[in-house]
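Hello,

Here is the structure you asked for. My notes on the charged pairs and the ligand site follow below it.

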Amino acid sequence: MTNGRATATAHANIALVKYWGKRDERLLLPEAGSLSVALDKLLTTTTVELGVARDELLLDGKPARATELAKARALLDAAGIGGKARIESRNDFPTAAGLASSASGFAALAVAACAAAGQQRSVQELSALARLGSGSATRSVPGGWAVWQDEAAEQVHPPEHWPLSLVVAVCAAGQKDVGSRDGMRSSRESSPFHSAWIQQCRRDLPRALELLAARDLEGLGALAERNALRMHADALAAEPPLLYWEPATIACLRTLAALRAQGVSAWPTIDAGPHVVALCRPEQASAVADALGAIAGVRETMICAPAGGARVVDTR
Ligand code: PMV
């Protein structure tokens, strides 16, 4: 089946305990485990067509950078798909800077490519393949509330376990300057805080899982905020320093603190970029989105809910 074609979808995810550092650069294995939740409104749809004349990767209709094409090729090679592939990937969300589209993109690619090649693979195998594109993609394959520590991620709770709201505040347009892969390598090699950061993550993950099982928003929210700020402290201390934030990022942190002082339980997390994602109760999500949306520099807000994993949607 070298001429197959298939389409798959996957959701981006936001990490509550972050992955920031590899123990094996070649195998792309993390130094510490991470925990994330998939976001329903951040959906990528990817079609893979095999048996074409040359490798091609289109992201939202435009040819991707050579580095992205090389990662996609590495993933296909690892899946044993030797022939040329045309990959077309579209985001259902406004393509703003670094909204975790690599996680949804590579998860959808792994699932679509194997389906196009007629391969039957387990979620675990697909998750391990997605890892070769991007670490966070490993968690988007199982989706829901997912943990990744080794080769593959696993869903520890389905999306329905806890219908939290996750309010995304888009704090910049355009691509970030330093991607996660380079950023975490630089932090590992040059930040004096890096080993403390990794030790902290090893303590945070088991505690976060207890708080998640108990659906304790105050506990998990506060842990997620601390974990994110510590990751950014590690990155800020790298040489040269990695400053991912914009003024609107800090304004979001302060607005959420002010909301909490008024009794609204809303807690921030920030991946390797300027955008803020606030965890809150669904009944308070509109108020949180309105408060974040009113900040100068916040371009838009999206209220998301936990979502499931990557899946094949078409094989024609
Ligand atoms: O998946 P990558 O290689 O782009 O790295 C993602 C790193 C963070 O988003 C900052 C944290 C995480 O765990 O998703």
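Glu225 is buried, because its relative accessibility is 16%; buried means under 20% relative accessible area, exposed over 50%, and partly exposed in between (1.4 Å probe, protein chains only). Its partner in a salt bridge is Arg260, with the closest N and O atoms 3.7 Å apart. A salt bridge here is a side-chain nitrogen of Lys or Arg within 4 Å of a carboxyl oxygen of Asp or Glu. Arg260 sits in helix H8 (residues 247–261) and Glu225 in helix H7 (residues 217–236), so the pair ties together parts 35 residues apart in sequence. Helices (H or I, at least four residues) and strands (E, at least two) are DSSP runs, numbered from the N terminus. Arg260 counts as partly exposed, at 22% relative accessibility.

Please note that this is a predicted model: local features need pLDDT of at least 70, side-chain atom pairs count only at pLDDT 80 or more, and totals for chains, interfaces and linings use all residues. Residues are numbered from 1 along each chain as its sequence is written, and side-chain values use heavy atoms, with hydrogens and water left out.

**Other salt bridges**

The count comes to 17 salt bridges. One of them joins Arg73 and Asp55, at 2.9 Å from N to O. That pair links distant parts of the chain, 18 residues apart. Arg73 is in helix H1 (residues 66–78). Asp55 is in the loop between strand S4 (34–50) and strand S5 (56–59). Both residues, Arg73 and Asp55, are buried.

Asp314 pairs with Arg316, and their closest N and O atoms are 3.2 Å apart. Asp314 is partly exposed at 25%. Arg316 is exposed at 70%.

There is also a network of salt bridges, which links Arg54, Glu56, Arg86, Glu88 and Arg90.

**Ligand site**

Around the ligand are 14 residues, of which Tyr19, Ser134, Ser136, Arg139 and Ser180 come nearest.

- Ser180, through a polar side-chain atom, at 3.2 Å.
- Gly135, through a polar backbone atom, at 3.3 Å.
- Asp271, through a polar side-chain atom, at 3.4 Å.

The protein covers 92% of the 380 Å² of accessible area that the ligand has on its own (Shrake-Rupley method, 1.4 Å probe).

Best wishes

Notes:
A residue is near a molecule or strand if one of its heavy atoms lies within 4 Å of it. A polar contact is a pair of N or O atoms within 3.5 Å; within protein, one must be able to donate a hydrogen and the other to accept it, and residues adjacent in sequence count only if both atoms are side-chain atoms.
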